[in-house]
Amino acid sequence: MTFIKKLLRPIYNSSLAIRVGNFTRLRKVIFKDLSYNYSGSDLFFWRTHHGFETTFRATDIGRHYFNKDSILKLIFFDNKGFEIKSFDFNFSSDVIEFHITKEIMQIESFGSFVALNLLNENVEDEIKITNRCYVGYSRNHDEPSFVHGNVISRHVEQNNSKQENVNLLSNFWSHKSNTTYLLQKDFKYFEENEFVFINPLNRNIEIALNGCQYYLSPMETKIISANGDSLYSIESNFGFPRPLLFSYKNNFFDVHHG
Amino acid sequence: MNYFFFIHIDNYVSEITLPKFTNSGSYDKDMKLKAGRIIDRKWKFYDPECSESKDFWSVTATEDNKNDIFFLCSDQQIERQEESESLIKLNSFTDTFPDFRSNLSIKNTSCGFSSYQAEYPFQMTLKKGNLYSSISSLSNFKAKKNGVFVRNIFHLPIYDEYSAFIYDDHQKKVVDRFTLTSNSTNFISFKNYDNTSSLYLFCEGYIGIPVYFSESSSGNISLEHTHPPHENIQGDIRHKIVSQLKNDLHKKITSSNL
């Protein structure tokens, strides 16, 4: 069965098959499988403005699942999508914790970052890592509220991982797909809500939040503040426009995926 | 089909809010909120006391309903369910991509709050197995309160005891053991453990959802679940790799002296 699936993968992964499947709704493709070894990552949201700090935790997937040594590479982008910093860590323990502060980032702002588990050796076996990780947000040095990764977004081919400047690819979502997404949350209880969108694609995307149109260039992060409505709908030409949500009330906040 | 549940601890207020619509925006006027409770080794179903608006149902946890399950179905479907001794799949209204989102929230007396998506897929209720989760990925060891809720829903109406272990992979030993109950929300406190990056939760016999909880001294709450281990990798053999991972930990626990 596995052999047949491998044999057929190039066919059902072709852009024509995806387009036909999505158009007919016989086989809706949102997340595209890839045939080669890779390390994939969500585009995680970091923020160091408005008193926030961000805590990031990643597991040593290489060691834990495949008994292979790897490093963790974090690449940070500003809110316009330009790379601003990167850090490499050796896994000295099962879980690495990294504090993203305004001192570390040298800026009070927000943006996105990827976390790549890069193996220290080339491998023949199938190794596809999608480290979903956990990100915590805290204000005024309080304990963080955690949320898991949102959307697997970028990846590098695993066997090219030694290169200094990794070539981030976005093939998971490269196809076009128009989506309407009604957030299943009653927003009326909160004083303010922030909708965080990150564009994982190499093309511009459009997002309409309750009819208000926004445009995001590749890798751009946008925070949209909104209150007053009970329900919020999102229309987009990106297939998975699920935002990260911050909801505020009585000096506390909640963070989760939409 | 999905079930929804409470978490409950001390004097916190726990509430679930269920949307009447899917995330693509469709409503089904036949869908009603129902609840199930185990009484004398039989599932008993009832219409839960709730507050209702045009778009949402909300139910608050009480001492009586804290382990009950909640779900959406029509009057005809609940009749079918009542004729069955075990839980059965009644509809696919909540089978969506992205996952159907209810809002399971917890609030403290300081007005701190947090929420979690809290859907329990029907397919999971049919399975027995072992639960594996990295404690170090989501715990806040500096928090005033720190622990994990473990929720199991099993299709048969039984309260069965099973074991949960805290395993330190660095020290290679079981540091604690607990007895949990099936078809219940259980809570394990981490107050007795030091912050290490190598703590794992392993439950033997029943699967479930681990929801990590912490509360800071200022009242800020964090609530989030760990990803199922197979989400950290892709590929044709990922379930085989995860199965091996669980078996290895099971062997380590079995050979550990506690």
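Predicted model: local features only at pLDDT ≥ 70, side-chain atom pairs only at ≥ 80, totals over all residues.
The model scores ipTM 0.93 and pTM 0.91, and for chain B the mean pLDDT is 94, with 99% of its residues reaching 70 or more. The secondary structure of chain B comes to three helices and 19 strands, and the chain is divided into domain 1, residues 2–121, and domain 2, residues 127–255.

**Overall form of chain B**

- The radius of gyration of chain B is 19 Å, which agrees with a compact globule, because a globule of 258 residues would have a value near 18 Å.
- Along its principal axes, the C-alpha trace of chain B spans about 55 × 45 × 40 Å.
- Of the 258 residues in chain B, 41% are buried.
- When contacts in chain B between residues at least 6 apart in sequence are considered, 74% of them join residues at least 24 apart.

**The two domains of chain B**

- The C-alpha centres of domain 1 and domain 2 of chain B lie 23 Å apart, and the contact between these domains takes 24 residues from domain 1 and 22 residues from domain 2.
- On the side of domain 1 of chain B that touches domain 2, the elements giving two or more residues are strand E4 (42–46) and strand E9 (113–116) of chain B, and E9(B) gives the most, with four residues.
- The residues on that side of domain 1 of chain B divide into 13 nonpolar, eight polar and three charged.

**Cys203(B) in strand E16**

- Cys203(B) lies in strand E16 of chain B, which covers residues 199–205, and Cys203(B) counts as buried because it has 23 C-beta neighbours inside 10 Å, where 20 or more are needed.
- Leaving aside neighbours within four places in sequence, Cys203(B) is in contact with Asn130(B), Leu131(B), Val150(B), Tyr162(B), Ala164(B), Leu180(B) and Gly208(B).
- Thr179(B) is 24 residues from Cys203(B) along the chain, and the C-alpha atoms of the two residues are separated by 9.4 Å.

**Thr185(B) in strand E15**

- Thr185(B) lies in strand E15 of chain B, which covers residues 185–189, and Thr185(B) counts as buried because 24 C-beta neighbours lie inside 10 Å.
- Not counting residues up to four places away in sequence, Thr185(B) touches Phe5(B), Phe6(B), Ile7(B), His8(B), Lys66(B), Asn67(B), Phe149(B) and Arg151(B).
- Thr185(B) and Tyr212(B) are 27 residues apart in sequence, and their C-alpha atoms are 12 Å apart in space.

**The contact between chains A and B**

- The contact between the chains takes 40 residues from chain A and 46 residues from chain B.
- Several elements of chain A give two or more residues to the side that touches chain B, among them helix H1 (2–12), strand E3 (52–59), helix H3 (61–66), strand E8 (128–131) and strand E19 (252–257) of chain A.
- The residues on the side of chain A that touches chain B divide into 13 nonpolar, 14 polar and 13 charged.
- Two bridges join E8(A) to strand E19 of chain B, residues 233–234, and these strands run antiparallel, with Lys128(A) standing opposite Gln234(B) in E19(B).

Note on methods. Residues numbered from 1 in each chain as written. Chains lettered and ligands numbered in written order. Rg over C-alpha atoms; globule rule 2.2 N^0.38 Å. Buried ≥ 20, exposed ≤ 12 C-beta atoms within 10 Å, placed from the backbone. Contact = placed C-beta atoms within 7 Å. Domains from an automatic or database assignment. Nonpolar A, V, L, I, M, F, W, Y, C, P; charged D, E, K, R; others polar. pLDDT = per-residue confidence, 0-100. Pairing = 2+ DSSP bridges.
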